Structure formats: structure tokens, C-alpha cells
Amino acid sequence: MMKLSIKSFTSVASAIFVLTVSGANAQTKVDQKLPDYEKVSGITGNLNSIGSDTLNNLMTYWAEAFKAKYPNVNIQIEGKGSSTAPPALIEGTSQLGPMSRAMKSEELDAFEKKFGYKPTQIKVAIDALAVYTHKDNPLKGLTLKQVDSIFSSTYKRGGEAIKKWGQAGMKNEWANKAVSSYGRNSASGTYGYFKKVALKKGDYATSVKEQPGSSAVVQGVASDLAGIGYSGIGYKTSGVNAIALGESEGQMFEPSFENCLSGDYPMARFLYIYVNKKPGKPLDKLTLEFLKLVLAKEGQQIVVKDGYYPMPNEIAQEANSVLK
């Protein structure tokens with residue numbers, strides 16, 4: 001099966017319309033070709049989700065929409081980090097494993113050792129992993145080399161330690177302000193993704209203040225004038241700026257929907273839900289219907305309302321096809 005990438009969809013604008021919603025993402029576009037969700041009969045039971053903190057709010061909103069259609073369904077959601085999803089699926093304590101990164105080879109191997117086949121990966125939304133600064137910080141953007149110089153101790157992008165904002169090109173009263181960095185803990189898929197992409201698999205600096213969740217990172221930056229941190233775009237608040245990033249100073253891109261679709265924003269990523277689906281066998285009806293709602297127009301409208309970016313119909317249909 002062909003693997004569709006975000007970059008494949010630079011011309012998706014012809015098939016989308018403007019969805020009117022409140023908040024910062026009021027102009028984010030949802031693909032008109034996405035199917036409407038059609039309610040079915042006989043859906044009851046318990047549905048458990050264990051995994052990503054980045055997806056925690058989204059999972060909650062999807063669960064609320066699903067429960068509104070199926071009042072006899074009970075849904076439990078736990079979001080402590082992507083690394084908690086694979087063990088929960090292996091142990092059978094959850095049917096849904098939301099993750100903000102793809103499973104690692106050792107996680108796939110552990111699952112396959114137990115069941116004899118690999119878990120099924122479902123793309124459910126697009127995220128711009130954003131670098132946030134305080135709302136009063138005038139900085140417009142950073143190169144990935146500068147990001148690495150702020151957050152890492154190994155400088156695999158060839159830079160040197162940036163300890164003060166002046167070293168990132170800021171002047172006047174900002175020049176001597178000490179950079180105050182915030183990040184996630186090692187259970188987080190966002191921690192792993194940022195380490196892989198921004199730090200080129202380098203090590204984090206010990207000065208990075210590890211936070212237990214995505215919102216805590218943003219809150220830390222919002223309350224710290226010299227703060228900088230990374231978190232999913234869905235956690236953006238009025239207290240922070242999501243700055244432009246790029247390979248060079250002349251090639252920086254804001255974390256917008258369009259820049260994620262085109263592949264220009266360097267930390268665009270899919271968000272996933274993993275499930276235990278035996279090859280050639282259908283998913284249980286409860287899990288299947290939940291995922292069908294997520295991948296339908298209603299589910300992707302919820303993505304927009306939560307501040308993330310919706311998937312083009314072609315990617316949603318690819319995701320749907322693996323459920324059959």
C-alpha cells in the first residue's frame with residue numbers, strides 16, 4: 001500500500017472549504033470530501049484509551065461526540081505519554097493507543113511477539129509541533145540549528161550553546177536575558193519526536209525544565225518572559241507565540257496548516273491511534289465505529305476546534321481502508 005505523506009497534499013486546497021469555528025484556528029480548512037458519520041445500531045460496551053498526552057483533549061472531545069450518539073457506551077481515557085500506549089495494547093488494558101509519534105521498532109517487536117502480527121496504525125490528525133515563546137518576546141523565528149543549540153547538549157546540528165537571547169540574534173534589553181527552556185519528560189512521544197527531528201537524535205541539555213504534560217510546557221513559557229518550549233499546536237494559548245522555524249534564516253515557515261500540508265514547516269507530523277487488529281479479521285464493532293467517527297467530517301471538525309489540523313480526505317480514506 002502506498003504511504004501518503006503530508007507533503008503529497010500541496011494542491012489539496014481545491015477540495016476544501018472554510019469551516020467557521022471560534023479561536024485561533026477559525027480559518028483552518030476541512031476537506032469537503034470527508035464522509036459524514038452514519039450512526040449504526042447495537043453499539044454498547046466499554047472503550048479504553050491509554051497513551052499520548054498530546055492527544056488527551058482530542059480523545060476526550062471525540063469520546064464526548066461518540067457518547068452523545070451511543071449513550072450506552074462507557075469510555076475511559078488516560079493520557080500520560082505515548083510510551084504508555086504499546087504496553088496497554090499488549091496487555092489488553094486498552095483498545096485504543098493514541099500516540100504522537102510512530103511506534104519504535106522495539107515496541108512493534110514486543111507486540112508482534114505477543115500476537116504474531118503488528119499493531120494497526122491509524123493516522124487521525126495533523127500536528128505542527130511548535131516552538132513557543134512568551135507573547136511579549138519579539139522573536140519571529142529560529143533556525144533548527146539555533147533550536148538545537150538551545151535545547152541540546154550535543155549540538156548535532158553544528159552550533160554552540162545558546163544561553164542568552166542575544167546569541168539568538170536579539171538586541172537591546174533582550175540581549176542579556178538568560179534563555180529559560182521547557183520540555184517534556186521521556187515518556188512523551190513529543191519528547192522523542194523533538195529529540196529525533198530538532199536535535200538530530202542528540203541529548204537534551206540538563207537545563208531544560210521537564211514538564212509532565214503539553215499544557216504545562218505552554219503554561220511555563222506563558223509565565224516566563226524569557227521562556228521557550230515545545231508542544232503540539234493544539235495547546236497554543238494567547239500567552240505564547242508559536243514561532244517560525246526553518247533550516248536557514250531566509251527559509252523559515254510558520255506552523256500553519258498550509259505549511260504543514262506542503263511540508264515546508266519542518267516539524268509537521270501525524271498524530272496516530274494504534275489498535276490491535278488481527279489481519280483478515282474485522283475490528284470489534286465498538287472500536288471500529290469510534291474510529292469511523294474520528295475519520296469522518298464530524299471527527300475532523302473536532303480536530304479543528306481543538307486547535308490541530310484536519311486530514312485531507314485521501315489520507316483519511318487510506319486510514320479507513322486499513323480498518324476493513
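This is a predicted model: local features need pLDDT of at least 70, side-chain atom pairs count only at pLDDT 80 or more; totals for chains, interfaces and linings use all residues.
## Helix H9

Helix H9 covers residues 297-305. Its buried residues are Lys297, Gly299, Gln300, Ile302, Val303 and Val304. An α-helix has 3.6 residues a turn, so residues three or four places apart point the same way.

What do the buried residues of H9 pack against? Two of the partners are strands: S2 (29-31) and S6 (120-134). Two are helices: H1 (56-69) and H8 (285-295). Just after H9 comes glycine 307, with a positive phi of about 95°.

The structure holds 11 salt bridges.

Aspartate 127 pairs with arginine 269, and their closest N and O atoms are 2.9 Å apart. Aspartate 127 lies in S6 and arginine 269 in strand S14 (residues 268-275), so the bridge ties together parts 142 residues apart in sequence. Aspartate 127 has a relative accessible area of 0% and is buried. Arginine 269 is buried too, at 3%.

Lysine 123 meets glutamate 318 in a salt bridge, at 3.5 Å from N to O. This pair also links distant parts of the chain: lysine 123 is in S6, glutamate 318 is in helix H10 (residues 313-321), and 195 residues separate them. Are these two residues buried or exposed? Lysine 123 is buried, with a relative accessible area of 12%. Glutamate 318 is buried at 13%.

Arginine 184 forms a salt bridge with aspartate 53. The closest N and O atoms are 3.5 Å apart. Arginine 184 sits in strand S8, while aspartate 53 sits in the loop between strand S3 (45-51) and H1. The two are 131 residues apart, so this pair too links distant parts of the chain.

Arginine 184 counts as buried, at 2% relative accessibility. Aspartate 53 is buried as well, with a relative accessible area of 12%.

## Positive phi in a loop

Which loop holds tyrosine 155? Tyrosine 155 is in the loop between helix H4 (144-151) and strand S8 (180-184). Its phi is near 55°, a positive value in a residue other than glycine. Tyrosine 155 is partly exposed, with a relative accessible area of 24%.

Asparagine 172 is also found between H4 and S8. The phi of asparagine 172 is near 55°, again positive in a residue that is not glycine. Asparagine 172 is exposed, at 69% relative accessible area.

Technical notes:
Residues are numbered from 1 along each chain as its sequence is written. Side-chain values use heavy atoms; hydrogens and water are left out. Buried means under 20% relative accessible area, exposed over 50%, partly exposed in between (1.4 Å probe, protein chains only). Helices (H or I, at least four residues) and strands (E, at least two) are DSSP runs, numbered from the N terminus. Contact means heavy atoms within 4.5 Å. A salt bridge is a side-chain nitrogen of Lys or Arg within 4 Å of a carboxyl oxygen of Asp or Glu.
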